[in-house]
Amino acid sequence: MFKEKSENIFKTNKVQSFIDEFAEKNSDDILQKIKNEKKISSIPDGFELLLCSNTDLKLEIAKILNEAVNSLSPLHLKRLDSLFRERTSLEWSYDWAEESPNNLLESSMTKKERVTILGLCSFHPNGYFREKAVEELANFSTGNEFSYFLIRLNDWVEIIREKVIDKVKNYINSINTKVVIDNLPLIFHLRKCKRYDHSNIINEIISIFSNEEAYSKLKRGFNSDDEKIRRYCYKIAIEKEIFNNKEIIDYILTDLSAYNRLFAIRKLKERVSLKDFEYFIQSFLSDNYAPIRKKILEIFYKFDPQKSIKRLKEALLDENGSVREIARYFLRKHCNYDFKSFYRSILKNEDICIGAIYGIGETGNSDDTRYISSFLNHDKVSIVKAAIYSLAKLNFEEYKDQFILLLADERPGVSKQAKIVLQDKIYKSDAKRIYKIFNKNKMTHIKRNTASLICSVKNKWEVLIYILEICTNNNDKISNVGYSALSRWKRKCNEIFVSPTKNQILNLEKALNDYGDSIEKEDKNLIEYHLGFFK
């Protein structure tokens, strides 16, 4: 907002009056977006309001900017650096080399507010200005300035980068361990930066975790609200072997981030001793995140193939397909295991098992449908979904009519699963039956699922008739299905060279007459243009 106007103000003799007038008119709106709407993209605009001469307003701006910036995660702060380059004025006719970041400060601002403003100054596009901001930041020791130094380590101006290296090194001591932990995402982000090789400074920073004092600080890092900080604390603790494996496992188990748990498991797998292995396996085999269960089975088999057999057999009944698949893979490597008989015996002799229903669909043949067809009438949604999945794999054509009827099921999960197995397998003859279900039912999930299938009919002209009607539906969730299908039709209409029948031409003309006003005029013209070749 401010950039476009501010790039010209330095060419006039009314610089300050322009800034003050702009601040008076726009400050409420800009500060509202920063404070209440939490818009990170408005922070550069708020920063430039500091150029005004109204001291009270500057103090208010500083307070709001400080609260907003300090609420950002380290990587969001890095994103703010990029935003400043895009949004902040860089007027070359103005002598930034002579300007001082201190001019934006007021004596009554708190230390943290000053650090925030100087930190934002270090994001400025002008190198001279950034360099001065870095020098001023070095006069503070709140800990917040460390984040800005880390970001400037990858500055494109080498002089700034070299100055910042020394300032970063001042923080490499046990006193600043907490500050370092809070900034681990920025430190490890430097490994991805290609402008310079940051490996030496990264290793120096991480070296502070080589002593016993780091133990309690890392423990606090395990409980951070920022999942990336927790992840990097696990990484350091495992690689530096500060904790015993059992202790780390106990922390990982309580981490709400599935990705963090998987990350730590991958790091731990090479370091788990025979003594800790059983505890390691038992802790994660029942994890609710399937990729973790899968990874644990893989580790278990490689660690001790013979002992893993029991667990692999249990995993054959896992509700997740990728876990069942990897269990079958390792069992197949170990012995000639008869999976079909295994799943059949479960379905014959035991209570209903979802894993067995899925499993027979993945390993059985068309004769095995008799074990699971009755589950289509089950009360439990997950059982019906498993049955639909497996019957579609074993003998789709035999059960296609039942799948179409299940589209009208009042349970959204059942209707959606029926739609999934029918997708891309709907032809002109099926469309009329599904269209009846679409018209007969009022429930949104049924209409949306049937609309999706109707719009996938494998007939260039027939499908367009349905698409035009669906585009006019009063429910946005359904009409959007039609508009998406119309976009696909436009992209592919010149790829299929098939002539419409006379009946299709008549129906399309009627559809255009009834529904044509509900679509874009250019879309209507395109359809009429294509139809014109066949009249």
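Where is Glu 212 found? In this predicted model, Glu 212 turns up in the loop that runs between α12 (199-206) and α13 (214-222). With a relative accessible area of 76%, Glu 212 is exposed.

The average pLDDT of the chain comes to 89, and 95% of the residues score at least 70. Residues 1-13 are another story, with a pLDDT below 50. Even so, that stretch has 34 contacts in the model beyond near neighbours in sequence.

Now for a lysine. Helix α9 (residues 158-169) holds Lys 167. Buried means under 20% relative accessible area, so Lys 167, at 13% relative accessibility, counts as buried. Leaving aside residues up to four places away in sequence, Lys 167 touches Val 134, Glu 135, Ala 138 and Phe 149.

Helix α19 (residues 305-315) comes next, with Ser 308, Ile 309, Leu 312 and Ala 315 as its buried residues. These four cover an arc of only 130 degrees around the axis, which is why they end up on the same side of α19. Turn to the other side of α19, and Gln 306, Lys 307 and Lys 310 are exposed.

The last stop is a helix pair. Two packed helices can be described by the angle between their axes and by the distance between those axes. For helix α4 (residues 55-70) and helix α6 (residues 111-121), the packing angle is about 75 degrees and the axes lie 9 Å apart. Because of that angle, α4 is roughly perpendicular to α6. By class, the contact of α4 with α6 is made up of five nonpolar, three polar and three charged residues. From α4 come Ala 62, Lys 63, Leu 65, Asn 66, Val 69 and Asn 70, and they meet Lys 112, Glu 113, Thr 116, Ile 117 and Leu 120 of α6. The charged residues here include Lys 63 in α4 along with Lys 112 and Glu 113 in α6.

Note on methods. Residues are numbered from 1 along each chain as its sequence is written. This is a predicted model: local features need pLDDT of at least 70, side-chain atom pairs count only at pLDDT 80 or more; totals for chains, interfaces and linings use all residues. Side-chain values use heavy atoms; hydrogens and water are left out. Buried means under 20% relative accessible area, exposed over 50%, partly exposed in between (1.4 Å probe, protein chains only). Helices (H or I, at least four residues) and strands (E, at least two) are DSSP runs, numbered from the N terminus. The arc is that of the directions from the helix axis to the C-beta atoms. Axes are lines fitted to C-alpha atoms, for helices over the stretch in contact, and angles run from 0 to 180 degrees between N-to-C directions. Angles under 35 degrees count as roughly parallel, over 145 as roughly antiparallel, 65 to 115 as roughly perpendicular and the rest as oblique. Contact means heavy atoms within 4.5 Å. pLDDT is the predictor's confidence in each residue, from 0 to 100.
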